[in-house]
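Q: Please take a close look at a single part of the structure shown below. A connected account, with the cut-offs behind each term, would be appreciated.

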Amino acid sequence: MTRPQPLLTLSRRYLTTATTTTRTTFTSQLTSVRSPQPHHHLRITTTTPSTPLIRPYHSIHHPSSPHTYTNSQTTILSAALHHVPTHGFTRNALTLGARDSGFLDVSVQLFPRGEFDLILFYLASRRGLLRSKVENDNLLQSAQAQSVDDKIKILIMERLRMNVEVQDKWVDALSIMSLGENIPMSLSELHALSDDILTLAGDASVDASWYSKRLAIAAVYASSEFVMTRDTSAGLRDTEEFLGRRLADARAVGDKLTGVKQCLGFMGTTAVGLGRSWGLKI
């Protein structure tokens with residue numbers, strides 16, 4: 001039995017123009033903020049400049065369909081991540097990344113979305129790092145005898161801890177992500193993360209709950225991420241306690257969903273809650 005197709009509103013296509021003949025795509029081995037090594041962890045593909053390069057998002061077969069950048073863009077973005085903890089997700093960080101990579105300041109024009117390109121690069125690299133921790137660092141090895149729900153909590157907390165280094169800059173990043181023109185790709189990236197989390201945790205749903213679970217995890221993650229930006233407790237203890245309560249609430253609601261109409265209703269209310277977690281006036 002095949003898994004259902006992802007939601008239309010969350011399955012935006014990534015469209016990029018093939019203005020160069022060399023393209024760089026993410027693999028699941030991207031490194032941390034402080035030590036990006038792009039050329040050791042990227043795969044080079046070539047495209048013809050005559051037609052646009054279209055990469056549709058198919059969560060089923062490609063849970064983390066990559067954003068596509070040229071080799072020069074990847075080099076600059078990787079270097080710019082060094083400056084994010086100090087300068088935030090800003091054009092200044094991009095400019096410093098260009099200088100570090102041996103490019104002129106004007107090279108920031110390679111990024112039509114500006115700071116948002118840096119945010120997308122960061123989000124995609126953190127998803128890759130999370131997968132690497134599971135596949136190569138045995139993140140869930142101690143949780144093998146635990147439930148899928150326990151693994152989901154471990155994965156979400158691990159992803160949230162990756163934000164600690166940029167914790168005081170993340171509110172500004174969320175503001176940029178919530179701008180009208182950025183919402184589709186922001187939601188698509190969040191859906192990719194929720195799909196990765198459920199897949200890595202071993203969830204094998206193939207019914208209507210496939211949709212509701214991903215929306216629920218997305219909403220839980222988004223709200224926990226916002227709490228994390230204000231958390232001053234040791235080891236994000238307050239965030240972890242909040243996450244535990246939200247996951248318990250999501251499970252309680254999910255256990256009561258027995259029909260398609262109920263699932264659709266839950267998906268609608270969860271989507272509204274997700275938007276409000278990002279500060280949207282809905």
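A: UniProt positions follow the numbering used here, with feature names shortened, and its annotations may be inferred rather than shown by experiment. An unreviewed UniProt entry lists residues 73–98 as "domain: Ubiquinone biosynthesis protein COQ9 HTH". The model is predicted, with local features requiring pLDDT of at least 70 and side-chain atom pairs pLDDT 80 or more, whereas totals for chains, interfaces and linings use all residues. Residues are numbered from 1 along each chain as its sequence is written, and side-chain values use heavy atoms, without hydrogens and water.

Helix α1 (residues 71–80) packs against helix α4 (residues 115–135) at about 80°, with an axis separation of 10 Å; axes are lines fitted to C-alpha atoms over the stretch in contact, and angles run from 0 to 180 degrees between N-to-C directions. The two helices are therefore roughly perpendicular (65 to 115 degrees). Contact, meaning heavy atoms within 4.5 Å, involves Thr 74, Leu 77, Ser 78 and Ala 80 of α1, which meet Asp 117, Leu 118 and Phe 121 of α4. By class, these residues are four nonpolar, two polar and one charged (nonpolar: Ala, Val, Leu, Ile, Met, Phe, Trp, Tyr, Cys and Pro; charged: Asp, Glu, Lys and Arg; polar: the others, Gly among them).

Definitions and conventions:
Helix = DSSP H or I, 4+ residues; strand = E, 2+ residues; numbered from the N terminus. Parallel < 35°, antiparallel > 145°, perpendicular 65-115°, else oblique.
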